[in-house]
Structure formats: structure tokens, C-alpha cells
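Subject: Structure handover

Hi there,

Here is the structure I promised to pass on.

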Amino acid sequence: MTALDGVDLVVPAGEVHGLLGPNGAGKTTLCKILSTVLLPTSGHASVGGHDVVRETADVRRIIGIVFGGERGLYTRLTARQNLEFWAAMYGLRGRTLRRRVDAMLSQIGLAERADDRVEGFSRGMKQRLHLARGLIGDPQVVLLDEPTTGMDPVAAREFRTLVGELRDDGRTVLLTTHDMAEAEAVCDRVTLIDNGRLLATERPAALSSWISTYSRVDARDVPAERVPKLIGELRDIPGVTAVRAVQPSGIRVETDAADAAPQVVRHLLDSGINSVATSTPDLEEVYLHIIGERGLRVSR
Amino acid sequence: MNALAAGFIFEVRLLRRSFDEMMVLVTAPLMTLILLSITEHAGRTDLAPYAVLAPALIALWTIALFTSGEIIERERQNGSLEPLVATPVAIGSVITGQILAVTLLSLVGFAESWLAAWAAFGIVVPIVHPTAFTAALVATAFAMAGTASVMSSVFVLSRSVRAYQNSLSYPFFVLGGVMVPVALLPGWIEPLSRAVFLSWSADLLRDSLTPEPVTNLVARTGVILALGTAGFLIGLVLLRRALDRLRRTGTIGVA
């Protein structure tokens with residue numbers, strides 16, 4: 001099985017980069033390779049100029065990693081004890097360690113629960129602790145693999161603020177997520193990935209415009225007797241990929257060429273249909289367009 | 001050193017909240033009572049040191065096998081091995097610190113065994129040669145930790161850890177001469193048992209409890225330390241190979 005194939009991606013220092021894709025797309029595999037947890041069978045990857053295979057020690061010194069899910073914490077220990085252990089793993093000790101742990105606990109809003117065992121924490125609190133663990137070593141490069149899984153909306157919003165702070169600090173962040181709104185809100189650029197291949201890398205806004213070739217045109221109040229004929233005519237316009245009747249009295253046209261949507265609109269207006277609207281795809285639609293017909297199936 | 005200490009402190013904290021991992025310390029005194037009741041009933045009071053020492057050594061080995069031996073696999077199951085591997089720390093030092101903590105705590109079995117003999121039978125087994133006893137105990141703990149580091153690296157690659165653990169208990173109690181001295185076993189066993197540090201430890205500890213002078217203390221302690229050092233070195237090599245294999249196969253995080 002090939003998990004990643006022909007991946008060519010450069011994330012400049014200081015950028016918050018989003019990696020979007022469905023389950024099994026290769027997002028986590030990429031994160032694991034970059035974090036030196038997984039050895040690639042071929043190819044080359046470097047973090048901060050250090051090769052992830054040959055210079056693992058250098059890479060590990062500058063990265064912080066947060067894998068998604070609830071696992072990975074020591075639930076019988078307190079939040080503070082968890083962070084103290086991980087801080088020691090990054091070479092901190094003594095007063096510096098204690099100060100750093102206190103600062104992280106405050107930053108993630110767990111200062112008041114610092115001495116409670118993690119087994120009593122909610123999923124969102126555990127996820128915040130995961131974040132603190134990933135940042136405890138003051139990393140230059142932060143790899144966040146589905147970091148907001150299980151967070152409530154308030155915590156997720158705070159997370160976005162936190163990512164903003166990481167950007168302000170000049171850190172580089174690679175964030176994998178399913179959440180389009182999150183990607184749009186926090187990422188400088190977004191890469192779509194599926195089946196181990198990168199499909200596109202753009203700024204969230206630019207990505208939307210890039211995909212505007214996939215515009216959608218909706219016509220309403222179309223007399224029922226004219227619908228079949230109009231559908232036939234619209235299908236003949238170059239760049240139109242799909243035309244279908246929409247209840248109660250509408251037509252929806254999908255296009256895949258930049259100049260197709262204006263032609264569709266013109267044709268509809270010329271045909272006396274005055275209730276016409278085009279819609280700009282949001283990132284989620286972009287994502288779905290690129291992923292295509294695969295839906296929720298997980299590829300091998 | 002920082003990583004070693006961090007691993008040690010972390011494991012102590014974890015064991016305080018996970019006493020089930022040290023359940024053998026509950027059964028060790030009971031075994032002392034069983035063995036002592038046999039030796040006393042047979043009128044062999046001279047075998048009391050054997051009956052007191054054996055459960056403590058068995059506890060030491062069993063905890064190493066089932067607790068220290070599972071340290072890496074436990075991290076893997078917990079999902080914390082991946083982030084641990086991704087830190088700049090020398091992971092071997094952390095694991096060694098953890099194993100040392102488990103090993104030191106398992107020495108409580110010696111105190112328990114002595115106390116059980118005194119409390120139930122009024123028997124106080126004197127430590128006739130305290131220097132030899134202390135040297136043997138320290139060397140034994142060191143060698144046990146070294147051997148446990150081999151176990152933990154091997155077990156993380158095994159698909160049937162329990163089968164290994166079960167098969168590594170009683171054979172080693174025999175090879176280690178924990179109850180019956182190796183000298184009393186069939187001759188062909190001795191060469192095998194001399195490769196097991198436990199046989200040297202058991203003999204030296206027993207000798208330190210009897211009135212006769214302890215012979216070749218330095219050399220015998222040296223053998224135990226050498227076997228322990230070999231364990232540590234082999235353990236570190238195996239750990240590196242195990243982690244490389246897990247990284248290559250992408251199974252570090254697979255429980």
C-alpha cells in the first residue's frame with residue numbers, strides 16, 4: 001500500500017499551514033514522517049532544514065507534536081505531573097520546568113485543575129492538555145494532527161486564538177483537520193490531500209476562487225413545461241458538467257470552467273428566466289469537489 | 001542523567017497510583033509462610049534463610065517480568081510512545097530510569113519476607129555478613145534492571161507477550177536456583193544457570209545469611225554486575241532496533 005505518493009510541499013517558516021483530507025488521505029502519515037515517528041520508504045523530507053531520517057535528533061529538538069484522540073496522556077497522573085514529565089523530555093529542569101508547566105497550564109485554562117487526575121477530565125480538557133504537551137518544549141515547528149477533536153465550541157475558539165498566538169510568535173504550524181471553518185479561520189495556506197497525493201495548495205480565499213470554475217448556478221421559478229427543454233440546452237453549453245431539476249420549480253447547473261457560469265446565466269436570462277443566482281463555493285465545497293464522488297469511502 | 005531521573009520519578013508517581021502492577025508484593029509474604037511452614041514442619045530450621053530468600057527473589061523476578069518488561073509496550077498501548085519517540089530525549093535513559101524505579105520498589109519484597117517470617121513464626125533470619133548481603137542486593141537489583149531492559153525491548157516486538165512472560169518464570173526460578181541451590185540440581189543444568197545472574201545472586205545472598213565466611217565476594221559480585229551490564233547493553237541495542245523496526249513498519253502507535 002502506498003500511503004503518500006509524489007508529495008511535494010514546502011511550508012515557509014512562520015506559516016500556519018492546513019492539511020485537509022478525508023480519513024485515510026495520508027495527513028497523519030505525513031505528520032508522523034515529519035515528526036520522525038515513521039520512516040519513509042523513499043523520498044526526502046526536512047524540518048527546519050534538518051533531514052527527518054538522517055538528522056532526527058535535530059528535528060526532534062525543534063518540533064512539538066499533538067496527535068489527535070484521547071490516548072497519549074497518563075490518566076492516573078495529574079495534569080501537572082503529565083506536563084512535568086513531558087517538560088523533562090525536552091530537557092527542562094528545576095525552576096525553569098516548573099515555570100513553564102505553570103505557564104502552559106494557565107495558557108490552556110487548566111490551572112485550576114492542575115492537580116486533578118486526568119482520568120476525571122472531559123474529552124475537551126484532555127485535548128487541551130495534549131496541546132500543552134505539544135507546546136511544552138517551546139517548539140519552532142508545531143505539528144497538530146486533528147487537535148480540536150472532541151473540543152467544545154468555546155474551547156475550539158480558544159484553540160484558534162492559541163494558533164494565532166503561535167503565528168505571532170513566529171512559529172511554523174502544520175495543522176491537519178476536517179473542519180473547513182477552522183482551516184479558513186487559522187490557516188495562511190491550505191493543502192488538500194487525498195489518496196496520498198496533494199491536490200492543491202492555496203490560501204483559503206484563493207482556494208475558493210481557484211475552484212470558482214466549479215460554480216453553481218441556480219434558477220428558480222422555471223415553468224414546469226420548460227424545464228426539460230432548458231435542461232437539454234444548458235447541457236450543450238461548454239463547461240457545464242451537470243444539470244438537474246430541483247423541486248419545486250428550479251434548475252441547478254454545475255460548471256467546471258471559469259467562463260461557463262456567465263454563459264449559463266446569459267442563456268437563462270435570454271430564455272426569460274429572471275430568478276437566477278450563482279453561488280461561490282466555500283472551502284467545504286472545494287473540498288468535496290476535489291475529493292469528488294468518493295464520499296465517505298476509505299481508499300486502500 | 002536528567003532523562004534517567006525523569007523516568008525514575010515518573011514511574012514512582014505512576015506506581016503510587018497503580019499498585020495493581022506490584023500485586024506480587026502482596027503474595028510474596030504468603031509464599032514465605034508456605035515455604036517456612038514446610039521447612040519448620042520438617043524440622044529443618046537451617047533452611048529458614050532459603051525459605052525467606054526465595055519469595056523475595058521470585059517477587060523481584062516476577063515484577064521485572066510483568067511490570068518492567070511491559071514498560072515500552074505499556075507506553076505503546078497508551079499512545080504515548082509516539083510522542084515520546086518524537087522528543088529529543090534519549091529514550092533508553094528514560095526507560096532505564098523507569099525500570100530502576102520498578103526494581104527498587106520490588107526490593108520491598110525482601111523486607112516483607114523477613115517480616116512475615118518474624119510475625120508468623122517468630123523467626124528472625126540474621127544477616128550474618130551485612131557487607132556481602134548489601135553488595136549482593138545492590139548488584140542483584142542492578143542486574144535485574146539490566147535483564148528487564150532486555151525483556152522490555154523483546155516484548156514490544158512480540159505478538160504474544162503473555163506466553164513469553166509465563167514461560168520465563170518457573171524455568172528461571174529453577175535456573176536461578178532461587179529455592180534450590182544450583183549445586184543440588186542435575187549437573188548439566190549448571191552451565192546454563194551460570195549464565196543467569198539470578199543463580200549467582202541467590203548463592204551469594206544465601207551465603208551472606210550463613211555463619212560460614214563468604215568466599216570470593218568481589219569476584220562473585222563482579223559476575224553479577226557484569227551480567228547486569230551485559231543486560232543493559234543488549235537491552236539498549238535491542239531497544240534501538242525495536243524502535244527502528246516500529247518506525248519502519250509504522251506501528252509505534254499501533255496497540
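A definition before the helices: axes are lines fitted to C-alpha atoms, for helices over the stretch in contact, and the angles between N-to-C directions run from 0 to 180 degrees. Please also keep in mind that this is a predicted model.

How do helix α8 (residues 130–155) and helix α13 (residues 217–249) of chain B lie relative to each other? Their axes come within 7 Å and cross at roughly 20°. Angles under 35 degrees count as roughly parallel, and α8(B) and α13(B) are therefore roughly parallel to each other. The crossing of α8(B) past α13(B) is left-handed. In the contact between this pair there are 17 nonpolar and 10 polar residues, with no charged ones.

Now to the cores. The largest nonpolar core has 136 residues, and Leu83(A), Ala132(A) and Leu57(B) have the most contacts inside it. Helix α3 (residues 48–66) of chain B gives the largest share of this core, 16 residues. Beyond its neighbours within four places in sequence, Leu83(A) has contacts that include Val101(A), Met104(A), Leu105(A) and Ala132(A). There is also a second, separate core of 13 residues, with Val217(A), Val222(A), Leu234(A) and Val243(A) among them.

Finally, the two chains. Their contact takes 22 residues from chain B and 25 residues from chain A. On the side of chain B, α1 (2–16), α5 (81–85) and α13 are the elements that give two or more residues; α1(B) provides the largest share, 5 residues. That side of chain B has 10 nonpolar, 7 polar and 5 charged residues.

How values were computed: Residues are numbered from 1 along each chain as its sequence is written. Chains are lettered from A and ligands numbered from 1 in the order in which they are written. This is a predicted model: local features need pLDDT of at least 70, side-chain atom pairs count only at pLDDT 80 or more; totals for chains, interfaces and linings use all residues. A nonpolar core is a set of buried Ala, Val, Leu, Ile, Met, Phe, Trp, Tyr and Cys residues joined through C-beta atoms within 7 Å. A residue is buried if 20 or more other C-beta atoms lie within 10 Å of its own, exposed if 12 or fewer, and partly exposed in between; C-beta atoms are placed from the backbone. Helices (H or I, at least four residues) and strands (E, at least two) are DSSP runs, numbered from the N terminus. Two residues are in contact if their C-beta atoms, placed from the backbone, lie within 7 Å. Angles under 35 degrees count as roughly parallel, over 145 as roughly antiparallel, 65 to 115 as roughly perpendicular and the rest as oblique. A crossing is left-handed if the near helix is turned anticlockwise from the far one by less than a right angle, and right-handed if clockwise. Ala, Val, Leu, Ile, Met, Phe, Trp, Tyr, Cys and Pro count as nonpolar, Asp, Glu, Lys and Arg as charged, and the others, Gly among them, as polar.
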